[in-house]
2 protein chains.
Amino acid sequence: MVDGPLALPFYPQALPGRFLTLPELPLDSGQVLRDVRIAFTTHGVLAADKSNAILICHALTGDQYVLDTHPITGKTGWWSTLVGPCKPIDPQRHFIICANVIGGCMGSTGPRDLDPATGRPYGLTFPVITIADMVRAQAALVDWLGIDQLAAVVGGSMGGMQVLQWAAAYPHRVRAAVPIATATRHSAQNIAFHEVGRQAIMADPDWRGGAYLEAGTRPERGLAVARMAAHITYLSEPALQRKFGRTLQNRANLSFGFDADFQVESYLRHQGRSFVERFDANAYLYITRAMDYFDLAAEHGSVAAAFRGTRTRFCVVSFTSDWLFPTVESRQLVRALTAVAADVSFCEIATDRGHDAFLLEEPELEAVLRGFLNGRDRSRGAS
Amino acid sequence: MVDGPLALPFYPQALPGRFLTLPELPLDSGQVLRDVRIAFTTHGVLAADKSNAILICHALTGDQYVLDTHPITGKTGWWSTLVGPCKPIDPQRHFIICANVIGGCMGSTGPRDLDPATGRPYGLTFPVITIADMVRAQAALVDWLGIDQLAAVVGGSMGGMQVLQWAAAYPHRVRAAVPIATATRHSAQNIAFHEVGRQAIMADPDWRGGAYLEAGTRPERGLAVARMAAHITYLSEPALQRKFGRTLQNRANLSFGFDADFQVESYLRHQGRSFVERFDANAYLYITRAMDYFDLAAEHGSVAAAFRGTRTRFCVVSFTSDWLFPTVESRQLVRALTAVAADVSFCEIATDRGHDAFLLEEPELEAVLRGFLNGRDRSRGAS
């Protein structure tokens, strides 16, 4: 447990898990990040032939605590629905790696760290990073762990973007790729929602032009509004209707005021409040920006070109009610992979739970992932 | 042109248009509003038999300038696509009435007015109002104009809620009702988006607990964020993709910064900035709350019960890409109207322009409205 989650001084070494420091990391922006710390967790034992390593990539507000109890919230690991003993990704069989992304706020180097050149928190002087930068850092970690090839890279949402970037940038290092509820580029609507969140943070006077750590303030109200807006996009209209509808919160009648009359208001406010306890506002700016910038086709000429000649096996998953990363975007990915004769399977899972379905108990998702990863294992055993 | 749109002192009488003052208006909350000013415009001439009056109800951020140039923005009337000479609603044939809603900020009594009891701006002491309160004020205006029965009540979005409330509360006074892109109750997701907007405003320190007028401040940043979030919901993913996609704004390459790299960001920021020049933050709170509270079924037991025995002709219109008030909600309304044998026609218009389609040049909408209103006129002529 760190002493005050976002308070200065920040002792990442107090966080559970492991750390690797790279002397430098070249970035897509042309800048070079120095003394780069990567916070990560591993579970399971690496096989003698190093064939059982699975890298899990987290989403926008996720972290390396995929299986462990979260040190701030005390909640169980964010993907314990799919990762754990007897789960599709199983520490009894796999060597599981999960790293906090560069630019994040759970131990990997990000905007709330001290800039070694100045000794002061980076704030907005932190370089803008990309999904490729995050993946480049992860590749250095995988190198350091002595692993040439990953059995699988798996992730949802922004984690899925990293999966695609891995498969595009390091095709020989990825035997299987599972991009879930994601896309090959961030849509205009998604950029728009991110921009609303960033503007909400920057509108908070406590943001102080990004230098709030030095000022001793925290843009909590702005960050909470950003989270509330984003949270709506993670759900779906039918799920909100089913869970909340127009049910009132602890009252029989409308209050004719601006209290949280409706349960859905109370729920959203709670989401905003609890988020600011565990997340850094500048990290939110940087990570949303990295997602906005992601565009495989722009980098490679086309999505198909990004995967030409790939021998990676792909399992693409989408959810019917996900309107943040709708199925049509997964289909476009599948078409591009098919166009280069990639080994790809695709599953659209019927659920009303929206984008967040990838984080929830979804038996079909578990079955698909289990089948795909076991198929992989069997084919290796037979070869 | 008013001198500084939202600055104190506020001279509503400087606004173009007409005014009516009611000594009091009883509200759904049980409170009574005193010295209620209704700002409205009329166009055309009331027929001797008073049979040609059409009431237009405006949406959340609309006003009475349905046809006239807006006194602040200088733009042409907000519904000049459908209202005007040779348009479906035609001042050469109809007597057109449009009133700013109670709780608004364009001349009708709202939270930035002075409370006659204290001589100070209402701010958050203004009573929470409902769609029924808005319609009650309009009914008093229609009384004052000496009109028993309206040829039609027409409106989109929140205007459509008022249309439905008119038809439910005053069935004998509404010959024809045209609810466009609306619903009989505000959905959980829509309440959630409104709550984000309200929280953004209330998070702005310049909001001052609602008493910003007395403090001489304006919560411009919060209101702009609220508008940005809402604006996304008025469009559609395909329209955003078509209009902006990932096109960069006045640059050839990504800036690796937090400027508005993408056109969609620049567009949204502009929407936020221009909105605060013409709208009052507290009015935004009150009007969104009125929409949240709207629920015909809760008031009447069922939607069908709200319209039992109605002789009003209904023309219900929805748009395929509207995800704020999706077609399914219009269909539910049509089913309820059909269940009580109401005279109802329904048209879902194919467009990728989202909820905002009702404000835009949509030839099919124009044709549907023209046909419906002319049919009305013909049947009267034949009778």
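**Reading the sheet and the two-chain arrangement**

Q: Which residue of β8(B) stands opposite Val317(B)?
A: Val317(B) stands opposite Cys347(B) in β8(B). The model is predicted, and local features need pLDDT of at least 70, side-chain atom pairs count only at pLDDT 80 or more, while totals for chains, interfaces and linings use all residues. Residues are numbered from 1 along each chain as its sequence is written, and chains are lettered from A and ligands numbered from 1 in the order in which they are written.

Q: In what sense do β7 and β8(B) pair?
A: Strands of a sheet pair through backbone hydrogen bonds, in either a parallel or an antiparallel sense. Here β7 (residues 313-319) of chain B and β8(B) pair in the parallel sense over seven bridges. Pairing requires at least two DSSP bridges between two strands; strands (E, at least two residues) and helices (H or I, at least four) are DSSP runs numbered from the N terminus.

Q: In what order do the strands of the chain B sheet lie?
A: The eight strands form an open sheet, ordered β1-β2-β4-β3-β5-β6-β7-β8, with mixed pairing. Its edge strands, β1 (18-26) and β8 (343-349) of chain B, each pair on one side only.

Q: How many helices and strands has chain A?
A: Chain A has twelve helices and eight strands.
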